[in-house]
Amino acid sequence: MSIFQKPSRHQFIVTSCVLVWIFIVNVAAIALGIAGWPLFFVTIFFFALGADMKNVPSIFAGGTLGLIAALGLHAGTFGLAPSLGLLGAFSVSIAVVLAVIILGGTVCPVACNNVAFAYLTVATVNFEEITPALIGYQMVVFWVGGAIILGGSLAAASIGNKIAAAGAPAPEAAPEEESL
């Protein structure tokens with residue numbers, strides 16, 4: 001078994017179209033000064049979860065929960081710190097957030113999932129810098145940018161499918177049998 005595979009012409013064309021779209025969005029986000037990690041995670045999870053449309057609600061619900069959980073973790077930690085100390089306040093806050101995501105996954109897996117963990121993790125990298133405004137900004141980038149990049153990726157794949165189909169060789173007709 002090889003770790004490499006030769007893509008079909010069709011796969012190459014479709015993937016190339018999606019690549020061009022994601023490249024355009026990357027350049028546009030940088031040019032517009034958008035901190036784009038929330039929108040890029042949408043396509044990462046979409047493709048990591050098998051590029052199946054049925055996973056889109058889990059991506060957006062999980063990402064939303066992860067961003068809200070980051071804000072809750074920050075608010076809980078710094079709100080409780082005066083009475084519990086920083087470590088105690090963080091411990092209580094992270095216990096609540098983890099319980100919601102992990103135990104919530106048994107009740108509401110569409111939101112309480114690995115996508116929520118990923119968004120929580122990245123959103124809390126600069127934990128001391130979290131503000132409601134920052135999380136609100138990330139939420140807008142996530143929802144609007146995520147819809148743009150995912151919708152554009154799906155449109156690019158559709159265009160790629162049409163290009164690949166248009167250039168595909170016609171199936172050969174079976175030779176007619178001669179009648180006697």
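Helices (H or I, at least four residues) and strands (E, at least two) are taken here as DSSP runs, numbered from the N terminus. The model is predicted, so local features need pLDDT of at least 70 and side-chain atom pairs count only at pLDDT 80 or more, whereas totals for chains, interfaces and linings use all residues. Residues are numbered from 1 along each chain as its sequence is written, and side-chain values use heavy atoms, with hydrogens and water left out.

Begin with the whole chain in view. Along the sequence its pattern is α-α-α-α-α, with 5 helices and 0 strands. The C-alpha atoms fill a box of roughly 100 × 40 × 30 Å along the principal axes.

Next, select helix 2 (residues 37-48) and helix 3 (residues 56-107). Their axes (lines fitted to C-alpha atoms over the stretch in contact, with angles from 0 to 180 degrees between N-to-C directions) come within 10 Å and cross at roughly 145°. Show the side chains of Trp37, Val42, Phe45 and Phe46 in helix 2, which meet Val56, Ile59, Phe60 and Leu67 in helix 3; contact means heavy atoms within 4.5 Å. By class, this contact has 8 nonpolar, no polar and no charged residues. Nonpolar covers Ala, Val, Leu, Ile, Met, Phe, Trp, Tyr, Cys and Pro; charged covers Asp, Glu, Lys and Arg; the others, Gly among them, are polar.

Select its lining, including Ile24, Leu32, Val140 and Gly145. Helix 5 gives the most to this lining, with 5 residues. By class, the lining has 11 nonpolar, 1 polar and no charged residues.

How values were computed:
1 Å grid on protein atoms, 1.4 Å probe; cavity = no way out; pocket = protein on both sides within 12 Å on 5 of 7 lines; lining within 4 Å.
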